[in-house]
Amino acid sequence: MACVADSAAEAHIDRALVTRVLLGDDRSAFEQLLRRHQGMVRAQLRRLLHGDAAAADDLAQETFLLAWRKLDQFRGDARFSTWLYRIAYTCFLQVCRKTAMLAGDADEGEAENVPAPAHAMDLQLDLERAMRRLSAAEQAVLLHCVQMELSHEETAYVLAMPLGTVKTHAMRGKAKLKTSLAAWHEAAGKEKAS
Amino acid sequence: MNEEQSDAIELLLRRQFDGPVPDEDFSRQVMQRLPQRRRRVTWPLWSGILMGAVACWLALLSSPLLRAGWQDWVNDHWSASAVTVLLVMLGMAMLALVWGVAEAEDR
């Protein structure tokens, strides 16, 4: 309950800052918005770009410059942060189209042959590899829905996807991860039994 | 996939996410690159509205229907032309009201 109230208060502050920028051409208000949201936007882009921090920061800069230019198009029907994530994701897609990065699915078959994990220490690495085996859409949905803790509706808004598709991708993605990490689950079960 | 397994996967994914990135001068760099905001120019809209209103008035000024309707209305005589003028004014007021409500809903 307190979390929902916090979220509503944050959204209210954002809207007030946006109004200050639009009415008074207030650069310091935009700087506050920037400081409040840069961390999550950069984290989102780093995940989407598989940890490429430099490229993610370049895209994040582009995202905020676009947000500055198009701020009068923010109508408050979504949270300001969600609106920013949508711009960031659109910038990311444009880069993907340019560099044909999404064609990375080509090494999918190779990834399927990754041997089962042997040590619990490697769990995070295996999860990372399992994530890369998912389709780009499934990865994006799990990033926004689970890791960034957006609602299904917000994820649908950010990714410009129908709500049903988001839910399907989330379910399929988790099911695929479960299959990929089945060896860990069995190992954990055996440990519990012994 | 049962709920417990789904929760376990979600927990793993959340742990894997590093969370917000520290600023490390990023905001200052973006602020330096920020261009001046372009103010939206409103005079073409207002001059268009004014010119349209004047053109409309000039076109209607010579219309016998409007003149007759106006005179009948002023003399409290509910002729067909007076009712037409009244209906046109009512229709325009309704359109303005609907437009105003639609704009307010968008904000």
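1. Leaving aside neighbours within four places in sequence, which residues is A:Gln147 in contact with? This is a predicted model. In it, A:Gln147 touches residues of both chains: A:Arg47 and A:Leu142, then B:Leu13, B:Arg14 and B:Phe17.

2. A:Gln147 sits in helix H7 of chain A, which covers residues 136-147. It counts as buried because 20 C-beta neighbours lie inside 10 Å, and 20 or more is the cut-off for that label. A:Trp68 is 79 residues apart from A:Gln147 along the chain, and their C-alpha atoms are separated by 27 Å.

3. Next, the contact between the chains. Chain A supplies 28 residues and chain B 25 residues. On the chain B side, two elements give two or more residues: helix H1 (3-16) and helix H2 (26-33). H1(B) gives the most, with eight residues. By type, the chain B side holds 12 nonpolar, eight charged and five polar residues.

4. The largest nonpolar core has 39 residues. Helices H1, H2, H3, H4, H7, H8 and H9 of chain A each give two or more residues to this core, as does H2 of chain B. H4(A) provides the largest share, nine residues.

Technical notes:
Residues numbered from 1 in each chain as written. Chains lettered and ligands numbered in written order. Predicted model: local features only at pLDDT ≥ 70, side-chain atom pairs only at ≥ 80, totals over all residues. Contact = placed C-beta atoms within 7 Å. Helix = DSSP H or I, 4+ residues; strand = E, 2+ residues; numbered from the N terminus. Nonpolar A, V, L, I, M, F, W, Y, C, P; charged D, E, K, R; others polar. Buried ≥ 20, exposed ≤ 12 C-beta atoms within 10 Å, placed from the backbone. Core = buried A, V, L, I, M, F, W, Y, C linked by C-beta atoms within 7 Å.
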